[in-house]
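Hi,

Here is the structure I said I would pass on.

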Amino acid sequence: MSGFSFLEFIQQIINGLTLGSIYALIAIGYTMVYGIIGMINFAHGEIYMIGAYVGLMVITGLGLFGVHSITAILLVTLAISILVTGSYGWTVERLAYRPLRGSPRLVPLISAIGVSIFLQNYVQIGQGARDVSMQPVLTGGWRFGPADGFQVYVSYMQVLIAVITVAFMGGLTLFIGRSRMGRACRACSEDRGMANLLGIDTDRVIALTFVLGAALAAVAGVLVSMYYGLVNPFIGFIAGLKAFTAAVLGGIGSIPGAMLGGIVLGLAESFASAYLQTEYKDVVAFSLLILVLLVRPTGLLGRPDVEKV
Amino acid sequence: MTNKFSRHILSAAVTTILLGLGSVAQAAEDTIKIALAGPTTGPVAQYGDMQMMGAKMAVEQINAKGGVNGKKLEAVVMDDACEPKQAVAVANQIVNQKIKFVIGHLCSGSTQPASKLYEDEGIFMITPAATNPAITQQKYKMVFRTIGTDDQQGPTAGKYIAGTVKPKKLAVIHDKQQYGEGIAKEVDKTVKAAGITPVLFEGINKGQTDFSALITKMKKDGVDFVYYGGYHPELGLLLRQSREQGFDAKYMGPEGVGNKDISAIAGPASEGLLVTLPADFSADPANADLVKAFKAKNEDPTGPFVMPAYAGVQIIADAIKATKTEDAVKIADYVRKNSFQTPIGKVAFKDNGDLKEFEFVIFNWHADATKTPVK
């Protein structure tokens, strides 16, 4: 191709960061559940898909009511989507995990896969199996660079995605680090039996973990429906797979790891598309995963003592 | 006593079941079943609707005129979701239900594996939509199509690009599926023969939503024309994100993107998209009555696969009438040797099951989901 261009490189970083932010938001749901109960929540991709559907419906609904202020749309949509999706997260834990608390680890894994298949078909029956699309709510952006050459373009939406991702992750870190409930979470993650003996209601903590993970997936879902504007009942599978990869890459069980893993994965895909061929983006992303796991079996930021499923 | 009693009940039950089976078998002989195999769910179900709509209309109208040889036609819709695996399952169902005629499948990727079963089991198949050339290159006896092929469609697009558009830098993108990649290769071949080498020939993933990296690359390379081989969901997003990034190349796609949903997804970015489609049969004055019948049912006859599906059913009905048999193998023979007057014109088939003549036309797509022929 026609050589290296610095401005293109910058643009690809921006593209990668946007994609990575979304992966990171979903990845946190996987990593939190793993950190506390040591299991993978395979229904998480579907939870994200539900978040995206709710987001799209609320935004379309607000449009019908004549609400056009972007702040209002964003706040109302995020609130409703987090509420609805959070309750799905809670229900998944209540139905697929809690009754199987004492059973071998494979059992809840299978029941989570069951929930995932159920949710996919449930949305397919309720909403139809087709693509649902929406026109962008927030358009426009900034352009940098020579007027006659390649211009770097940063859309308002990309900035919004980055800002919201950072805000929610910061909020989550504060919550885990400073609040009483966050301390209980950390205690459960260290030693669930001991935490229980010391009077922590571990069932409640686990339920909270699922709800928090679902809430962040809802945020990702809303952002995706605003950014791409296309939703169907199957988007959860690929997004879930990518986010799970991001969580493992960063070190499953570690929240900063999930953020880092998401960003690294997003950048890797972006650069592979840019400097190799688009066909190779998944090859590069997953080769990177294998490489990292060979050198650091616990992922980039994982604790060495975490045991694997 | 109880023993004797239960034995009575048992024999009664067995008799009922046997009688029941008998009546089912009899009912099956009263109609001629035609399976309509295509996606009624999944991301490309819109095209399935066109196919089902056209075929059902034909079944209705033929039945209203008294059916075929005193029997009514019966349409049996089967959903393959455009998935090759599900298509094979559907084909097996068709074999098991002893249905002898199939209109479908729709996607080339699902038609290919299903066609093998139809050939092996002696089932007559007409696809109104699958355009990949490989389907009829298998030299099957039972497989036909009432649509053109990508080696007609690709060159039509390629010649237009090389002869009329004359882009400075051309990019060819496809979705790595049998249909999309097949047609992209045909376009690539045609423009290369005319002396234009695409600066980029790449595949994206089916279901991919983020194309920003690819768009940035095309923008940097100064691409001014993009040919996309694939279906509308991915192209819709590609158009939308291109406009967003300020990448203003013109796009062109095959009939798999020519669907109202492309405008729903891409919005204003779909204005000016070029699409190769079968000629708009609904504009043919000979079809005025048929178009009226569709409009009366509040259906849209302008979709590219509606009339080819109608034609498929009609060909089956005409062949059964003429041969006075429902033997699918004899019917395939008859169809190969004769010509039929249908809403897509007078059709005759080559030995491999392709139409002798079929024309693709280039349309200019508009943001309000309408289209106007180019030239």
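This is a predicted model: local features need pLDDT of at least 70, side-chain atom pairs count only at pLDDT 80 or more; totals for chains, interfaces and linings use all residues.

Residues are numbered from 1 along each chain as its sequence is written, while chains are lettered from A and ligands numbered from 1 in the order in which they are written.

**The two chains**

Chain A has eleven helices and four strands; chain B comes to 13 helices and 14 strands. (Helices are DSSP runs of H or I with at least four residues, strands are runs of E with at least two, and both are numbered from the N terminus.)

The C-alpha trace of chain A spans about 70 × 50 × 35 Å along its principal axes.

Of the residues of chain A, 48% count as buried; in chain B it is 54%. (Buried means 20 or more other C-beta atoms within 10 Å of a residue's own, exposed means 12 or fewer, and partly exposed is in between, with C-beta atoms placed from the backbone.)

Now take contacts between residues at least 6 apart in sequence: 76% of those in chain A join residues at least 24 apart, and in chain B the figure is 71%. (A contact means that two C-beta atoms, placed from the backbone, lie within 7 Å.)

**Where the chains meet**

On the chain B side, 27 residues are in contact with 30 residues of chain A. The elements of chain B that give two or more residues to this side are β7 (200-203), α8 (212-220), α9 (232-245) and α10 (260-266). The most come from α8(B), with seven residues. By class, this side of chain B has nine nonpolar, ten polar and eight charged residues. (Nonpolar covers Ala, Val, Leu, Ile, Met, Phe, Trp, Tyr, Cys and Pro; charged covers Asp, Glu, Lys and Arg; the others, Gly among them, are polar.)

**Strands of chain B**

Start with β1(B), residues 31-38, where six of the eight residues are buried. β1(B) pairs in the parallel sense with β2(B), residues 72-79, over eight bridges, and K33(B) stands opposite E74(B) there. (Two strands pair if DSSP finds at least two bridges between them.) Between β1(B) and β2(B) the chain passes through α2(B), residues 45-64, in a right-handed β-α-β crossover. (Right-handed means that, with the strands pointing away from the viewer, the path from the first strand over the helix to the second runs clockwise.) β1(B) also pairs with β3(B), residues 101-104, in the parallel sense over four bridges, with V102(B) as the bridge partner of A35(B).

Then there is β8(B), residues 225-229: five of its five residues are buried, so the rest of the structure largely encloses this strand. F225(B), Y227(B) and G229(B) are buried on one side, and V226(B) and Y228(B) on the other. β6(B), residues 170-174, pairs with β8(B) in the parallel sense over five bridges, and L170(B) stands opposite F225(B). Three bridges join β8(B) to the parallel β9(B), residues 250-253, where M252(B) is the bridge partner of Y227(B). β8(B), α9(B) and β9(B) make a right-handed β-α-β unit.

**Helices of chain A**

α8(A), residues 202-227, reaches 37 Å from its first C-alpha to its last, close to the 38 Å expected for its 26 residues. (The expected span is 1.5 Å times one less than the number of residues.) Of those 26 residues, 21 are buried.

V284(A) is found in α11(A), residues 281-295, and counts as partly exposed because it has 17 C-beta neighbours inside 10 Å. Beyond its neighbours within four places in sequence, V284(A) is in contact with A268(A), A272(A) and L276(A).

Cheers
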